[in-house]
Amino acid sequence: MKSIINKIGLLLLVVTLVFTSCETEETLEITTPEAEFILNTPGISTVFLNFALPDNPAFTISWNDEVTGSSSYTVEMATDADFTSPMTLGTSDSNNFSMSVSEFNNALTSTGNTQFKDIPVYMRVLASNQISNSILILATTYPVNEPTINSVADGDTFVLSIDNNDAVAMTFEWTDPILDSSLNLDVEYILQAALAGTNFAVPVEAGTATNTNSITLTNAQLNAAAIQSGIEADTTGNLDLRLVAIITDNASGSVLERTTDPVTITVTTYATALDLSTNWGVVGSAANDWGATPDLPFFKTDTDGVLAAYVNLIDGEIKFRENNDWANNLGDNDADGTLEQGGANIAVTAGSYKITMNLNDFTYTIEPFSLGIVGGAYNDWGATPDFMLEYDQYSDVFRGIVTLIDGEMKFRMNNDWGTNWGDDGADGTLELNGANIVVTAGIYIATVNMNDLTYTLEPIDYVWGLVGGAYNDWGATPDAQFTRDWSRPFDDIWILNDVTLIDGEFKFRANNDWGTNYGDDGGDGVLELNGANILATAGTYSFVLDFSDPANPTYTQN
């Protein structure tokens with residue numbers, strides 16, 4: 001009996017388990033994830049496009065595709081979530097896609113967007129008639145399109161007159177959307193002029209502006225630009241004008257330039273006090289080793305027949321001659337200030353001078369003349385010689401590249417307090433015996449216009465120098481400093497004249513520092529960063545550094 005009861009119990013248990021199992025099968029749901037075609041959210045939500053790094057990746061996106069089975073994908077962009085006007089960015093045969101900085105910037109520019117900062121960019125991927133979800137990033141771009149010239153057009157005519165010398169002849173205006181953006185960028189604008197049809201082979205700087213949309217030229221300024229471009233005084237000719245917009249990346253020093261197409265105007269010029277076609281010059285052992293280099297030029301003054309030259313001389317002798325030729329030369333037989341044809345050499349001592357030659361009565365004067373910077377910011381108010389500015393005959397101003405420290409400064413003549421200028425209003429205008437000018441440490445292009453007593457101090461990042469055992473015992477004293485070639489303001493060309501070297505070696509470096517230095521590995525005149533020392537034989541030399549092509553800088557010496 002007990003055995004029968006046990007069997008019945010076991011049977012009931014099995015039946016219970018069977019029914020329990022059936023109940024479980026009725027309620028259990030087993031699911032499989034739905035296949036997706038999904039664009040992944042990138043790790044960054046904002047993209048800053050830096051023109052200094054055009055080939056760097058701007059972004060990379062990726063996606064998962066378990067739906068289409070496609071091997072070809074199209075990436076689209078729009079500036080609104082509804083993709084009202086989608087734009088194709090590119091295609092990919094894999095599950096990711098990227099663009100360089102310049103490519104993405106150009107794509108955004110082509111949409112006509114002028115917002116520049118925090119532009120909403122929606123992206124999605126298409127494959128086999130399927131569209132992924134969209135993602136959003138915010139992009140900051142840089143300008144690509146050149147400014148639009150508004151106020152001057154082809155065929156405009158300008159008749160200039162010395163009677164209107166200081167009156168406005170032209171207001172050159174333009175539109176540049178970057179000026180209205182929220183980007184904190186400084187944009188420098190340079191108005192260039194050139195003789196029509198020369199393709200700006202030798203551009204002339206007619207005017208400049210920063211962070212504004214116009215440059216005003218007086219009759220005198222437009223006249224000077226036309227004459228320097230090659231239109232003779234008192235004639236009518238065609239002049240090309242164009243605008244160059246420059247943005248500099250402070251971190252790298254890279255420059256973004258945008259240049260407009262030229263407009264061609266007709267200009268009637270007039271004769272001025274400054275005529276760069278003057279052919280008289282100073283020649284001599286004290287000036288240019290009797291013609292080993294071009295004569296030091298004279299320039300016209302506001303008196304017909306009276307010429308002036310600003311020169312640095314050494315101990316020796318000089319004469320005056322025309323066209324760098326001995327056929328017509330003047331000297332002084334009696335050392336009495338009167339010139340005679342083919343006359344005797346004129347003895348001079350080393351110094352900076354203004355030489356005035358009057359061809360009406362054949363007299364001349366030689367007077368000490370130098371314009372320099374003095375102050376706590378440079379030479380402890382005269383404890384050492386002032387920093388001398390050089391006369392720039394191409395723009396009738398005095399210029400120089402000077403390194404200053406925090407402090408104050410003034411301009412004065414001849415290293416002497418008899419004639420000095422300061423700035424009472426801190427407005428860029430000089431007053432005789434005016435207030436000290438406050439400056440911060442840095443390297444500056446100092447420019448002084450003695451005609452209207454205005455000045456500028458333009459900060460720059462570097463100045464080149466010559467260093468070596470052949471000059472300053474590899475930096476025991478300051479390097480021999482180069483200055484810019486002011487006759488070619490838009491080329492990165494630096495000159496150093498009449499530096500005396502001893503037997504040894506030298507290199508070129510920036511800012512008296514070894515952080516950036518160049519030598520010549522092949523002795524072929526091509527400079528290499530951190531290159532080999534350059535061999536020097538004792539003598540006096542002049543150097544030209546040409547960084548116009550940053551990839552192939554060169555130098556010459558003679």
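Figure 1. Beyond its neighbours within four places in sequence, Phe104 is in contact (heavy atoms within 4.5 Å) with Leu49, Ala58, Phe59, Met77, Met99, Val121, Met123, Ile137 and Ala139. The view is taken from a predicted model, in which local features need pLDDT of at least 70 and side-chain atom pairs count only at pLDDT 80 or more, while totals for chains, interfaces and linings use all residues. Residues are numbered from 1 along each chain as its sequence is written, and side-chain values use heavy atoms, with hydrogens and water left out. The largest nonpolar core comprises 61 residues, of which Phe104 and Phe172 touch the most other members. Such a core is a set of buried Ala, Val, Leu, Ile, Met, Phe, Trp, Tyr and Cys residues joined through side-chain atoms within 4.5 Å; buried means under 20% relative accessible area, with a 1.4 Å probe and protein chains only. Another core, of 26 residues, lies apart from the largest one and includes Trp464, Phe506, Tyr518 and Ile534.

**Figure 2. Phe59 in strand β3.** Phe59 is found in strand β3, strands being DSSP runs of E with at least two residues, numbered from the N terminus. Its relative accessibility is 7%, and Phe59 therefore counts as buried. Leaving out residues up to four places away in sequence, Phe59 touches Leu89, Phe97, Ser98, Met99, Phe104 and Met123. The C-alpha atoms of Phe59 and Ser100 are separated by 7.5 Å, although the two residues are 41 residues apart along the chain.

Figure 3. One cavity of 30 Å³ or more is found in a search of the whole structure. A cavity is a set of points, on a 1 Å grid over the protein atoms alone, where a 1.4 Å probe fits but cannot get out; lining residues have an atom within 4 Å of a point. The volume of the largest cavity is about 40 Å³, a volume being the space filled by probe spheres set on the points. The lining is formed by Pro42, Ile44, Val47, Phe59, Thr60, Ile61, Met123 and Ile137. Strand β3 (residues 57–65) gives the most to this lining, with three residues. By class, seven of the lining residues are nonpolar, one is polar and none is charged.

**Figure 4. Glu76, a buried residue of strand β4.** Glu76 has its place in strand β4 (residues 73–78). With a relative accessible area of 10%, Glu76 is buried. Residues up to four places away in sequence aside, Glu76 touches Phe83, Pro86, Met87, Thr88, Leu89, Tyr122, Met123, Arg124 and Leu126.

**Figure 5. Aromatic ring pairs.** Rings of Phe, Tyr and Trp (its six-membered ring) pair if their centres lie within 6.5 Å; planes under 30 degrees apart count as stacked, over 60 as edge-to-face and the rest as tilted. The count by this rule comes to 31 aromatic pairs. In one of them, Tyr518 and Phe547, the ring centres are 5.4 Å apart and the planes stand at 65°, so the pair is edge-to-face. Tyr518 lies in strand β44 (residues 517–519) and Phe547 in the loop between β47 (539–546) and β48 (554–557), 29 residues apart. Both Tyr518 and Phe547 are buried. The rings of Tyr541 and Phe543 have centres 6.3 Å apart and planes at 45°, so this pair is tilted; both Tyr541 and Phe543 are buried. Ring pairs also link Phe482, Phe506, Phe508, Tyr541, Phe543 and Tyr555 into a cluster.

Methods
On a 1 Å grid over the protein atoms alone, a cavity is a set of points where a 1.4 Å probe fits but cannot get out, and a pocket is an open set with protein on both sides within 12 Å along at least five of seven lines; lining residues have an atom within 4 Å of a point. Helices (H or I, at least four residues) and strands (E, at least two) are DSSP runs, numbered from the N terminus. Ala, Val, Leu, Ile, Met, Phe, Trp, Tyr, Cys and Pro count as nonpolar, Asp, Glu, Lys and Arg as charged, and the others, Gly among them, as polar. Buried means under 20% relative accessible area, exposed over 50%, partly exposed in between (1.4 Å probe, protein chains only).
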